[in-house]
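Open the structure in your viewer and keep the selection panel at hand. We will go from stop to stop.

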Amino acid sequence: MVNVFRAGTLAAFAAAASVCAAAPAALEQYTVLAALTLNFARFTQWPEGAKTDANVLNVCLVGDNVLLQSFDSIDGKNVGDRAIKIVNSERLRNLNQCQILFIGELPNNVLLQVFLDTKNHPVLTMGEDEGFVENGGMVAMVNVDGKIQLHVNLAAVKASGLNISSNLLRLAKIVGDR
């Protein structure tokens, strides 16, 4: 049953990535990225000490209103026995309450400070450009010619104590150590 669920989820993951090809509007693109973030959460394991609330998985967002509105589509969805709670983290405070931190856009110097603040903490950092993982982020969902490519900084993921399913990693370009 678990394998059927995972195969279905991976198929949905691939379908969501290809849907982006026909969705030029920012709202639609961020909605696709929200769906992909939900699937990343389903294929990621956090260490036991990472849970601030056993029933909630905090997905923190840094970005504009379009980003926040798009991620409403996954608010309350289940990841295992936990429900996703969307948290607006525009002020970049209390980032360690986040299990996932999606950053839409930040000046590079601020982004680097966020990576320093979350380094070695079980916070899955996600962004949307290739430089995101090269600068220390964990997952980038890069729009290339209308299709989403996944880039994973595996060294940063491992340093944080997180574990991403090998099935999902097969779909990604790995940056850093295996």
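This tour of a predicted model visits the nonpolar cores and then a loop.

**Stop 1: the largest core.** Which residues touch the most other members of the largest nonpolar core? Select Leu124 and Val152: those two do, in a core of 40 residues. Next, highlight helix α2, residues 26–42. Helix α2 gives the most to this core, contributing eight residues.

**Stop 2: around Leu124.** Centre on Leu124 and show its contacts, leaving out residues up to four places away in sequence. Phe40, Thr44 and Trp46 are among them.

Stop 3: Now select Cys60, Val62, Ile103 and Ala140. They belong to a second core, separate and made up of 15 residues.

**Stop 4: the loop between β4 and β5.** Show strands β4 (82–88) and β5 (100–103), then pick Leu92 in the loop between them. Check its backbone: phi is positive, about 55 degrees, and Leu92 is not a glycine. Is Leu92 buried, partly exposed or exposed? Leu92 is partly exposed, because its relative accessible area is 25%, between the 20% and 50% cut-offs.

Move on to Asn94, in the loop between β4 and β5. Asn94 also is not a glycine, yet has a positive phi, about 50 degrees. Colour by accessibility here. Asn94 has a relative accessibility of 61%, so it counts as exposed; the cut-off is over 50%.

Technical notes. Residues are numbered from 1 along each chain as its sequence is written. This is a predicted model: local features need pLDDT of at least 70, side-chain atom pairs count only at pLDDT 80 or more; totals for chains, interfaces and linings use all residues. Side-chain values use heavy atoms; hydrogens and water are left out. A nonpolar core is a set of buried Ala, Val, Leu, Ile, Met, Phe, Trp, Tyr and Cys residues joined through side-chain atoms within 4.5 Å. Buried means under 20% relative accessible area, exposed over 50%, partly exposed in between (1.4 Å probe, protein chains only). Helices (H or I, at least four residues) and strands (E, at least two) are DSSP runs, numbered from the N terminus. Contact means heavy atoms within 4.5 Å.
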